[in-house]
Amino acid sequence: MSSELEIIDAFIDGQRVDGDAIKRALSDPEGRAYMIDAWLLREAVQENETGASYAVTVPAARSAKPAPRWLVAAAITGSLLGAYTTGRITARPAPLAVTPPTTTVVAQPSAAFPVPAATRVIQLEFHASNTSGGD
Amino acid sequence: MTDVERFCAAHHDGVFRYLRRVVGAAESARDLTQEVFLRVSRAGVPEANDIGQRAWLFRIARNLALNHLRDGRRRPPTVTFGSAAVPATQELAVALSHAIDALPDLDRDVFLLRETAGLSYEEIAAASELPLESVRSRLHRARQALRATLGHSLALREQRGVRCLPAGTRDGDDR
């Protein structure tokens with residue numbers, strides 16, 4: 001019987017087995033029961049793995065319930081008030097800004113480029129006209 | 001992604017699951033898994049077919065696990081379970097852990113290489129340096145022993161129905 005059960009082992013483990021041999025093995029109630037138990041064992045091992053890795057990868061939820069909202073709001077308000085008060089106490093008037101002495105540099109016209117003498121003088125004359133105007 | 005990175009990504013979970021069951025503690029299994037892939041990245045994946053590469057990888061994992069256990073860092077007696085498992089399942093899971101721990105070393109190793117890592121008989125034979133026939137008989141013996149120990153729990157479990165699962169996958173992967 002043991003060799004027939006080994007045929008079932010090979011069959012459930014994806015090995016190529018002789019068709020007649022597996023038929024013979026499964027015609028016996030003990031063979032069928034063995035196959036079912038082998039499947040159940042496999043499933044149990046795999047569930048076992050799932051449970052184990054779950055316990056590892058999900059670190060025991062530190063607190064299942066989140067903090068109540070009023071507590072969060074109180075903590076935020078408290079920290080803001082504390083920061084404001086600390087700021088008020090430790091604040092110093094800003095020292096007057098001392099302006100550094102300034103130096104004025106007057107740019108002198110450069111003599112490197114002499115201005116040429118005028119060759120023609122155009123004189124413009126403006127006369128008030130009664131005919132012109134925008135109104 | 002390099003070949004080594006692809007190889008590591010493909011087998012990371014299987015190696016961790018195997019080591020997790022062999023050494024017991026998840027933290028140690030995680031360290032050992034890192035060590036396995038550190039060695040893989042140093043040595044490079046050997047030129048071999050897929051069976052040869054997986055066998056080579058699990059031989060490294062197995063040797064590291066055996067050294068770890070030999071160094072006196074003993075396995076914890078039981079595995080702790082998260083709240084994901086329902087109570088009825090937990091009972092079987094704890095009993096299963098004890099039953100696997102009680103198996104002879106080589107039988108346990110062959111069984112875990114098959115059921116947690118999903119190695120084929122040829123890969124198990126190469127990884128654990130055993131003849132193929134020995135793998136078959138040890139696997140059968142381990143199943144028979146577990147069946148004898150867990151008979152009642154398995155009968156209860158059978159009432160929930162049976163699923164046909166491939167070895168070496170996590171429950172839920174195929175849902």
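**Architecture of chain B and the setting of helix 6**

In chain B, 67% of the contacts with a separation of 6 or more join residues 24 or more positions apart, two residues being in contact if their C-beta atoms, placed from the backbone, lie within 7 Å. The structure is a predicted model, in which local features need pLDDT of at least 70 and side-chain atom pairs count only at pLDDT 80 or more, while totals for chains, interfaces and linings use all residues. Residues are numbered from 1 along each chain as its sequence is written, and chains are lettered from A and ligands numbered from 1 in the order in which they are written.

The model has an ipTM of 0.79 and a pTM of 0.65. The mean pLDDT of chain B is 83, with 85% of the residues scoring at least 70; pLDDT is the predictor's confidence in each residue, from 0 to 100. Over residues 171-175 of chain B, pLDDT stays under 50.

Chain B contains eight helices and zero strands, where helices (H or I, at least four residues) and strands (E, at least two) are DSSP runs numbered from the N terminus. Among these elements, mean pLDDT is lowest in helix 4 (residues 87-101), at 80, and highest in helix 7 (residues 132-149), at 94.

Of the 175 residues of chain B, 41% are buried, that is, with 20 or more other C-beta atoms within 10 Å of their own C-beta, placed from the backbone (exposed, 12 or fewer; partly exposed, in between). Helix 6 (residues 121-128) of chain B is mostly covered, with six of its eight residues buried, among them B:Y121, B:E123 and B:I124. The buried residues of this helix pack against helix 3 (50-70), helix 5 (105-115) and helix 7 of chain B. Just after helix 6, B:E129 adopts a positive phi of about 55°.
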